[in-house]
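Dear colleague,

Please find the structure below, together with its sequence.

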Amino acid sequence: MPALPGLRRYLAVLSVLAVLTAGAILIQAEGLATLLTGGGVSWFLAAAIASRVALSLAHGVLGGRFAASVRGGLRRRLLESSSDRAGVVATQVTRGVDATDSYLTGYLPSLVVSVAVPVAVIVRLFTTDLTSALVVTATLPLIPVFAILVGKAASAQAERQWGLLTKLGGHFLDVVRGLGTLKVFGRASGQAEVVRSMARAHADATMKTLRVAFLSSLVLELVATLSVALVAVPIGFRLLGGGLDARTALLILVLAPEAYLPLRAAGAKFHAAAEGLTALREALAVPVVSVRTAARTRRRGAPSLVLERVSVSYDGVCALSEVDLSVPAGSHVALVGPSGSGKSTLLAVLLGFVPPTSGRVLVDGVDLRSLSPDGWLADIAWVPQRPTLFRGSLASNIALGLPGADIVTAARAAALDSVVAGLPAGYSTPVGELGEGLSAGQRQRIGLARALARTSAGLILLDEPTARLDARTEAAVLSATRRLLPDRTAVLVAHRPAMVSLADRVVELREGRIRTEVAA
Amino acid sequence: MSRLSSFLSTGQQSSTDRRTAASRGPAPVRWNWGRPPGRVGAALRTWGVSTKDVLRLLRAAFLGAGAELAALALMATAAWLLLRAAERPPLAALTVAIVAVRTLALLRGGLRYAERLAGHEVVLRWLGALRARVYQALAPGSRYSGGDLVTRLVSDVDALQDAVLRWLLPAGVAALVGTAAVAVTATASAAAAAALVAGLLTAGGFLPWLVVRVTANAGKAHAPKRAELAEHAVELVTGQRELVAAGVLEEKRSTAHAVVDELAGSERTVSAKTALLAAAGTLVQLLTTVAVALLADASVPWTAALALAAMTAFEVVLPLIGAARRVPEIRASAARVRAVLAEPAASGTRTPGPGHFRLAAATLRHPGRAPALKNVDLDLPPGKRVGILGPSGAGKTTLLRLLLGTEIPTEGQVTLDGHPLAEYEDLSKVISGAEADAHVFHTTVRENLLIAKPGATDAEMREACETAGFDLALDRETGPDGDALSGGQRQRLILARAVLAAPPVLVLDEPVEGLDPAHGDAVLKRVLDTAKGTVVLVTHRPEHLDGFDEVLTLEDGRALPASAAGRRPGRP
C-alpha cells in the first residue's frame, strides 16, 4: 500500500497538539482541585478552559484539513484507475472515499493523544504521590495487553465462524440481487421466511462472536474504574491520618481517570476506524493507468505496418495467436471474422494500447514500442466499437483533441448534419443533456465525425463503423470513408459486405488466428 | 452447516406462501385502544418495531444509563470521600462511601458490557425482521430488480443499524443520565441544577442540531459536485483510450481534478464549522462544571461531588455532537428504505395457461432516454421458434424482459391469450429460461438448480447438467454470484437451470456467449433438441437460428423489415 501523502506532517502536528493537550489537562486538574476545595476560580482554571477549547478546535480543524486533502489525493488517484468497471470507480470516488473519514479524523488523533496524555499524567502523579503513580503505572499497561489477548481470542473465533458469518450476512444481498432470477422461476415470494431465518442465524452467530469481542472493552472499563477506586480509597485513609492535604488528594483523583480516558476513546473508535482503514486500503490498492513513455518520433503520413508473430493474451486467455500481417503504406485491409475472434484486440495492438505478449509490430520498419505514443496516436484516426461521449457540447465532442477542426464538414461527412439540424442549439447542444437520448447509431456517427475531423491522419483504424446504421446512413458514411482513404493506410474491421468493398485485401480472423487472406 | 441446506426456499406454494408469510411477519405493536396511534406508533409500524424490540431497546438503554451513572457516582463518591476524610471524621462516617466506591468501580464495567450486548442483540434481531419486510416489499414489484440500486438499498438497510447503535441508543442513555444528574443536583441547589440543565441541553440538543444542519446543508451543496465527479470518473474510465488517442487525457483529468479540489475546499469549510461546534461542547462542559461548583451552595465535599458528577455527565453527552454528523446520511438511507416499504404491492389474479404470447406495437421508454424498444410486433403461438438478432444495445434483452413480464410496455401491449401480462398472478409456470443477467446464488449447485424445479431428483438435475454441458458435482459451492465457478461454468449452470425448468415457453439470452464456439454450438444444439415447446433465442450468430420459424432483427430498438434482415426459410 503506497504511503498516504502528508501523513508524516499530520502525525507531527497531531503529536504537538497531543503534548499541548496533555499540558492543558494537567493545568485543568490543578484548577479543578483548587475550585473543588473551595479555592474559587483560579487563573489556572481559566487558562485551562481556554486552552482546552482552543486545542479541541485545532484538532478538529487540522484533522479536517488533512482528511480533506487525503480524500482529494485518493480521488485523483481513483480518477486514474485502470479498472474497466466504471460504475464501481464512480461509487468509490464518492462514497468509498468518504468512508475513510472515521479512520483519519476519528481514530488517528485519538491514538496519538492516548500515548501523550497518560505519560504526562503519570509523570505529574510521580511528582505528587508515589503510591497513586505506581497504581496507575501498573494498571495502565493491562489495557493494551488484555485488548490484544481478547482481540486474538475474538479473531480466532471470528475466523472459525468467518465462512458462516459472511454467508449468512451476505444472504440478504444475494437474494435481493437475484430477485430477478427468483421471479423468473416464480420463487420470489417464498424467500421472505428464509431471509428472516438467515438473519436470525446471522444474529445468533454474530452475538456469539461479540460476547468475546466485547470482553476487551469490559477489561478496559474495569481497569479504568477499579484503578480510580484503588487510588481513592488509600488516599482517603491517608487524609484521615493527616498525611495528605485535601487539594493534593483531589488533584490525584481528578488526574487518575484522565490517564485512561484517551485509551477508552481510542478503543471506542476502533471498530468504525477498521471500516475506514479498509476503505482507505481499497482506494490505495486500485491499479492505476501506467503511461508508456518512448521518445522516437517518425515522419507523419501513411505508415507501413508489419505484425511479426504477434500474440496477445489477457489473464492467460489467448486473444491473438502468432499473427503475421503486413499492411504496406497506403493499402487498405478489411478484417472480418466472428465476434470475439480478436479483431478489436488487433486494432488495440496497432494503437499501442495493448502490448504484444510476444512478437512485435513494426511501423515503417521501427518497433512500435520505441515510438513516442503521443506522436504515433496524433497520426491516427480511430473509431472504436462504442464511442464514448464526453461532457461538453456536441462540437467539442467532434473536435476532441483538435480545437481548430472543421466540425461542420466532418459532421456532414459522417451523416450527422441531419441530426444536428433537429437540435435546438445545434452544435453547441451539451451532450450531457442528450447523452442517453442519442441512439446507438447517432453515437456511432459522432465517433465517426470525430475521426473524420482528423484530416491529417496517416492511418485510419475503423472498428465496425457502420454497425447500428440504417441503409441510407450507411451509404453516406461509406462514401465519406471512401473519400478519406486515398493516400492513407487503413485497417477496417468490417461486418457488412459494403464496408469490405472499400478494402484492397480481406483478412479473416478466427479464434485469434489468421484464417484466410483474400484479395478483394 | 446443516441450516444452510435451506439456503433458498424452493417451496412450490409460492402464492399462498406470500400471504402466510405476511401474516406471520414480525408482530407489529398493536394499538387496540381505539384512537389513532400518533406519529410514534406510525413510525414503529413502518419500521416493524415490535413491542418486544421496544422493551429490549429500553433494557439496553437502562443498562447503558446504569453504567454511565455508576461512573458518575464513582467520581462523585470518591470526591466526597476524599474531602470528607480531610475533615477527619470518625472512620465509621466513611465506610459506606468506601464500599460504594469499590462497588461502583466493578458495576460500571459489567453494566457497560451488558448494555453493548443487549444493544447489539436488539438491533440484529430487528434488522433481521426489517430485511424480511424489505424483501417482501421488493418481491412483487418490478421496479427494483437488479443493479446498483438494489445493492445500495441493502447497504441502506444495514445503515439503520448505525442509526440505533450510534445515535438512538446513546441519545437515550444521555437523556437518562442527564435527568438523573439534574435530579440529584436539584436536591442541593436549584440554581446549580438550572445551570446543569442549560449546559446539558446546549451540548446534547442544540449543538448536535446545529451539526445536523451544517452537514445536511453541506450535503445538499455537495450533491451536484459529487454527481459531476462520478460522471468524470465514468468518462475517464470508459473513455480512457479515446482520450489518450485524442491526446486530451491530461486536459480531461485536470478538469476532473478541479472538481476534486473544489470539493476538498468546501469539505474543509464544513469540518472547520463542525470542529467549532465540538469545541463549543468542551467549553459548555467546563463552564457548566465551574457554574455547578460555584452555585451548589452546599458543603465542600458535597459540592465537589456534584461538580465532578456534572463534568462526568458531559462525557456521555458530548459524543452526540460528533455522532450528529452522520444523521443526514442515515436519514437519507431511512427515507429510501421507507419508500420501498411504502410501495403498494400489486399482483394479478389470472392463472396462466400454456398459451399464445403476442407483442402488439410494444414500446418501452425510460424517461429521458431513447426508447429501448419501439413499435415491435411479435406473434408467438405455442411451438413456434423465434430467433432475435441485432447488435448489442438494440433492445433484444428488453424484448425478453417484456415477454417475461419483468418490464411493462409504456405503449402497445404484451398479451398472453389476449390478456395483458399484468393480469396474471404467476407467469413462471408458462415462461422462464436463461436471462443474460441471471444470478447464481451463493450456495451449492444443487440449490441453484432446485429454484428452477423444486423437488427435482438428482437424476433429473444431472440430466439437465449434461444437456447444458455442465459437469461439476451437485454439492459444489458456487461462491458469491458464482465467483467460485469459471465464466463458462457459470454460464452453463444458468443454462442447465433453464433446461431443468423446461417451461412451455423457453427464453434464452445469448446462452452460449463466452463459451468456446464449437463447444457452445454443440451445447446449444442439445438444449434446442431437448426443448419441447416455444423457444425465443437471442443470439448474435445467425448460424444458431437454422430451422427457426422466424428471425427478428432489431436495431436501435426497432425491428428491421424482414427483407433487410434476410428472412430465413421456416422449418418444414
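How many residues does the contact take from chain A and from chain B? The contact takes 111 residues from chain A and 121 from chain B, where two residues are in contact if their C-beta atoms, placed from the backbone, lie within 7 Å. On the side of chain A that touches chain B, helix α2 (residues 43-79) of chain A gives the most, with 19 residues. Helices (H or I, at least four residues) and strands (E, at least two) are DSSP runs, numbered from the N terminus. That side of chain A divides into 63 nonpolar, 29 polar and 19 charged residues; Ala, Val, Leu, Ile, Met, Phe, Trp, Tyr, Cys and Pro count as nonpolar, Asp, Glu, Lys and Arg as charged, and the others, Gly among them, as polar.

Please note that this is a predicted model, in which local features need pLDDT of at least 70, side-chain atom pairs count only at pLDDT 80 or more, and totals for chains, interfaces and linings use all residues. Residues are numbered from 1 along each chain as its sequence is written, while chains are lettered from A and ligands numbered from 1 in the order in which they are written.

The largest nonpolar core has 264 residues, and among those that touch the most other members are A:Leu250, B:Ala79 and B:Leu82. A nonpolar core is a set of buried Ala, Val, Leu, Ile, Met, Phe, Trp, Tyr and Cys residues joined through C-beta atoms within 7 Å; buried means that 20 or more other C-beta atoms lie within 10 Å of a residue's own, these atoms being placed from the backbone. Helix α3 (residues 51-86) of chain B gives the most to this core, with 22 residues. Leaving aside neighbours within four places in sequence, A:Leu250 is in contact with residues including A:Leu36, B:Ala79 and B:Leu82.

In chain B, four strands form an open, antiparallel sheet in the order β2-β1-β4-β5; strands pair if DSSP finds at least two bridges between them. Its edge strands, β2 (373-380) and β5 (419-420) of chain B, each pair on one side only. Five bridges join β1 (residues 357-364) of chain B to β4 (residues 411-416) of chain B, and B:Leu359 has B:Val414 as its bridge partner in β4(B).

Finally, the mean pLDDT of chain B is 83, pLDDT being the predictor's confidence in each residue, from 0 to 100. The predictor gives the complex an ipTM of 0.83 and a pTM of 0.80.

Yours sincerely

How values were computed:
A residue is buried if 20 or more other C-beta atoms lie within 10 Å of its own, exposed if 12 or fewer, and partly exposed in between; C-beta atoms are placed from the backbone.
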